[in-house]
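Q: I'd like to learn how to read a structure like this one, feature by feature. Can you walk me through it?

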Amino acid sequence: MTAALVLGAVLALVVVAFVARPFLREPAPASDDLVQLSEGERRRLELVEERDRAVAALRELEFDHRTGKVTDFDYREQVGPLRRRVAEALKALEGGAQAGRERKAGN
Amino acid sequence: MAELGRAALLLSLGLVAYAVLAGAHAAYHRRRRLAVSAQNALIAAFATTIIAAAVLWTALARRDFTFAYVAQHTSRHLPLGYALSAFWGGQEGSLLLWLLILTGYGALAVYLNRRQRELIAWVVPVLGGIAVFFAFMLSFVSSPFDTQPAPADGAGMVPSLQNPYMLAHPPMLYLGYVGLSIPFAFAMGALLSRRTDERWIVMTRRWTLAAWTFLGVGQLLGAHWAYVEIGWGGYYAWDPVENAAFMPWLAATAFLHSVMIQEKRGMLKVWNMVLVALAFGLSIFGTFLTRSGVINSIHSFSQSPLGGWFLGFIVVVTVFSVVLIYVRLPLLRARTRLESLLSREATFLYNNLLLVAFCLTILWGVVYPLLSQAVRGETRSVSKPYYDFFLHSFGLPLLLLMGIGPLVAWRRASLRSLGRMFVVPFCVAVVTGGVLLGLGYGSSLPGLLAYTFSAFVAASIVLEFVRGRRATGSVFRLVARNRRRYGGYLVHVAILLFAIGVAGSSAYQTVRQQTLAPGQSMRVAGYTLTYQRLDSVRGANYTGFRAVLDVARGGSHVATVAPGENLYPIEGPANEASLYHDPRTLGDVFTTAQIAKGNVIDLKVLTKPLVNLIWAAGFLFVFGALVALWPDAVEQRRLADRYAAAAA
């Protein structure tokens with residue numbers, strides 16, 4: 001009983017120290033803010049995801065064409081809009097990055 | 001020692017409660033150190049739960065009957081392996097296993113994704129909330145550390161549980177059930193943090209696949225266990241507790257497919273949130289069915305005080321998920337639409353609708369008797385014909401869709417290309433159906449359809465590999481460049497083998513029963529079984545008999561089988577089936593025997609063609625899942641760049 005209680009108490013001390021570790025290591029940090037994406041960063045992430053989706057769709061179309069799932073006629077019909085979508089996504093991303101650089105320079 | 005177990009559990013409860021409160025406060029007020037402290041609490045809770053588990057395992061190994069749990073589930077003569085497996089043989093131990101796996105998974109998921117602080121900050125309180133429920137139950141409602149004056153011996157373990165599968169089946173199922181907590185917590189964390197981009201999906205992709213694999217393998221192990229142990233010759237009885245594991249697996253299957261549409265098209269965001277919540281809710285519901293004792297099942301424990309608590313928790317989880325999804329609907333709107341009903345995306349959607357419809361009909365079959373008892377006071381049961389009807393109604397179209405999907409292009413497919421792609425699989429299916437009809441297999445329409453559809457699916461998958469190899473130059477390169485897709489196809493082949501095995505062993509099985517004296521024979525489906533003698537057997541903790549029978553086919557001896565019965569002094573009698581695996585039919589001759597009088601036995605024989613394909617499918621299922629799970633360095637670099645670019 002006593003041994004179990006001692007073990008329990010030691011265990012409690014160890015876990016309390018582990019839980020309190022962030023405060024013990026940094027008693028007075030310069031910043032305690034949890035990093036959060038800004039609106040601009042969120043928008044940029046959306047654009048990156050959109051770019052990746054557009055590129056993946058183009059790759060899928062090309063692979064489906066090579067494996068015969070998409071006929072030449074269907075491929076010619078679909079590849080143009082998809083390439084435009086990729087170009088638009090890249091342009092939007094570049095535009096966003098440019099705006100970000102200008103904001104930083106302005107600051 | 002019980003005090004140490006209780007103290008460790010109380011510490012776990014305190015830590016996970018802190019993870020909820022401090023974690024939610026830190027996430028809401030954006031306090032970095034407090035958020036990390038809450039993460040540490042979740043990790044520490046795993047350590048304290050390990051200590052509680054170690055205490056219970058030690059007590060089980062030592063047969064310390066001062067622990068009421070140990071006395072209820074083991075005995076002095078029970079072999080050590082089974083004594084240790086009694087950890088999950090009872091209600092309290094099972095709950096502890098839940099908490100152990102949950103805190104372990106939680107600690108690992110938090111550690112691996114610790115840099116994604118914004119999302120993890122909200123994931124921690126969600127995981128903590130689930131853990132609080134289990135830690136509370138273990139500390140105050142159903143403790144494995146209750147003590148008593150030690151009796152001379154324990155009650156032992158139910159004989160049917162004394163099987164090597166006891167060591168693997170329950171933990172495997174739990175790894176699956178509990179694993180679904182991780183995608184759920186990340187999904188809810190994404191909604192709470194308003195981070196509804198794809199990051200939560202990327203972070204939980206492997207977790208979901210692993211949980212789904214464990215759940216699938218767990219069910220297959222359980223099916224084989226039932227097949228070899230219980231002595232009725234079946235492997236799935238639509239038992240409510242079996243259904244309880246099948247339902248979250250179906251929901252997770254739907255999620256694994258629909259989440260690909262979100263990744264590729266940015267669609268189905270709401271649907272994916274609903275599916276991930278449904279899968280998790282069903283995993284809790286499954287635990288409730290097993291642990292509450294509300295249903296009579298070979299798996300369930302006696303009436304327990306857990307039912308009300310579990311129901312309350314299910315209500316809380318459901319309300320929390322529904323409200324959160326509803327509040328965040330504006331963030332989940334898709335910007336793209338389905339381009340065509342003839343596209344790969346559309347086949348995924350049809351597959352989702354069928355899977356969820358099948359899942360909900362099973363849920364209704366499980367819930368209806370409970371509702372009928374609660375509302376009208378009548379005992380009603382939903383039996384095999386109900387489930388079989390929906391298995392055929394949803395299962396056969398699902399099987400067919402597995403073959404259609406690979407033939408259809410993404411975005412949209414023209415009728416011309418579809419016609420070209422379908423011609424070979426269609427011809428293979430028609431020829432297979434015709435040949436089977438010619439061979440007399442038309443006696444079972446579902447069986448015939450299952451085989452015909454299977455031929456279609458097999459041809460479609462083989463063609464997919466052949467065309468892919470032609471396009472990339474080698475099968476290895478083909479699989480390496482898209483492990484998820486081709487691992488998925490291997491899993492589809494496994495499901496196909498499974499379906500063929502189920503159709504063969506159920507639609508075309510033969511059952512015969514006969515009373516035999518030594519020297520007498522019986523004939524069944526081309527086999528002749530001759531009863532030779534009755535032998536006595538003695539094991540570590542049982543005595544019993546075996547009826548020794550020669551099995552012959554076409555006049556030649558092919559095997560000896562020895563069905564019988566074991567008698568456990570404390571636990572009672574148990575059937576021991578004996579099987580002959582026939583490599584010619586890939587099926588079994590399944591035998592059970594009971595003593596009728598003296599040396600005369602009642603022999604029951606089932607021939608089950610193709611049944612071994614079901615178990616072979618399990619190996620392919622695991623292999624396919626591993627291929628899909630295997631990390632793809634190129635993909636990981638791409639995703640790392642994506643999230644680095646977002647913050648640039």
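Q: Let's start with strand pairing. Which residue is the bridge partner of Arg553(B) in β5(B)?
A: Strands of a sheet pair through backbone hydrogen bonds, either parallel or antiparallel. Here, in a predicted model, Arg553(B) has Ser556(B) of β5(B) as its bridge partner. β4(B) and β5 (residues 556–561) of chain B run antiparallel and are joined by five bridges.

Q: How many residues sit between β4(B) and β5(B), and which residue in the turn has a positive phi?
A: There are two residues between these strands in the hairpin, and Gly554(B) in the turn has the positive phi, about 60 degrees.

Q: Now go back along the chain. How many bridges join β3(B) to β4(B)?
A: The count is 11 bridges, with β4 covering residues 543–553 of chain B and the two strands running antiparallel. One pair to look at is Leu529(B), which stands opposite Val551(B) in β4(B). This is a hairpin too, with four residues between β3(B) and β4(B).

Q: And what does β3(B) do with β2(B)?
A: β2 (residues 521–524) and β3 (residues 527–538) of chain B are antiparallel, joined by four bridges. Val524(B) has Tyr527(B) in β3(B) as its bridge partner. The hairpin has two residues between the strands, and Ala525(B) takes a positive phi near 45 degrees there.

Q: Next, a whole sheet. In what order do the strands of the open sheet of chain B come?
A: A general idea to keep in mind: in a regular strand the side chains alternate between the two faces of the sheet. In this case four strands form the open sheet, in the order β1-β10-β9-β8 of chain B, with antiparallel pairing. β1 (510–516) and β8 (578–582) of chain B are the edge strands; each has a single partner, so one side of each has no neighbour in the sheet. From one strand to the next, the twist averages 20 degrees.

Q: Where should I look for the hairpin of β8(B) and β9(B)?
A: Find Leu586(B) in the turn: its phi is positive, about 55 degrees, and the hairpin has four residues between the strands. Five bridges join β8(B) to β9(B), and the two run antiparallel. Among the pairs, Leu579(B) has Phe590(B) in β9(B) as its partner.

Q: How many bridges join β9(B) to β10(B)?
A: Nine bridges join β9 (residues 587–597) to β10 (residues 600–608) of chain B, again antiparallel. Thr591(B) is the bridge partner of Val605(B) in β10(B), and Lys597(B) is that of Val600(B). Two residues lie between the strands in this hairpin, where Gly598(B) takes a positive phi near 55 degrees.

Q: Okay, helices. How do I read the packing of α9(B) and α19(B)?
A: Two packed helices are described by the angle between their axes and the distance between the axes. For α9 (residues 199–229) and α19 (residues 612–629) of chain B, the angle is about 170 degrees and the axes are 10 Å apart. Angles over 145 degrees count as roughly antiparallel, so α9(B) and α19(B) are roughly antiparallel to each other.

Q: Which residues meet there?
A: An α-helix has 3.6 residues a turn, so residues three or four places apart point the same way. The α9(B) side includes Leu209(B), Thr213(B), Gly216(B) and Leu220(B), while the α19(B) side includes Gly618(B), Phe621(B), Val622(B) and Ala625(B). By class, the contact has 10 nonpolar, four polar and one charged residues.

Q: What span does α16(B) reach from its first C-alpha to its last?
A: α16 (residues 445–472) of chain B has 28 residues and reaches 40 Å, close to the 40 Å expected at 1.5 Å a residue. Gly473(B) follows α16(B), with a positive phi near 100 degrees.

Q: Zooming out, how is chain B divided?
A: The division is domain 1 (1–148), domain 2 (158–334), domain 3 (338–508 + 622–648) and domain 4 (510–608). The C-alpha centres of domain 3 and domain 4 of chain B are 38 Å apart.

Q: Last one: how many residues of chain A are in contact with chain B?
A: 43 residues of chain A are in contact with 43 residues of chain B. On the chain A side, α1 (2–25), α2 (39–66) and α3 (72–106) are the elements giving two or more residues. α2(A) provides the largest share, 14 residues. By class, that side has 22 nonpolar, six polar and 15 charged residues.

Key
Residues are numbered from 1 along each chain as its sequence is written. Chains are lettered from A and ligands numbered from 1 in the order in which they are written. This is a predicted model: local features need pLDDT of at least 70, side-chain atom pairs count only at pLDDT 80 or more; totals for chains, interfaces and linings use all residues. Two residues are in contact if their C-beta atoms, placed from the backbone, lie within 7 Å. Ala, Val, Leu, Ile, Met, Phe, Trp, Tyr, Cys and Pro count as nonpolar, Asp, Glu, Lys and Arg as charged, and the others, Gly among them, as polar. Domain bounds come from an automatic or database domain assignment. Two strands pair if DSSP finds at least two bridges between them. Axes are lines fitted to C-alpha atoms, for helices over the stretch in contact, and angles run from 0 to 180 degrees between N-to-C directions. Angles under 35 degrees count as roughly parallel, over 145 as roughly antiparallel, 65 to 115 as roughly perpendicular and the rest as oblique. The expected span of a helix is 1.5 Å times one less than its number of residues.
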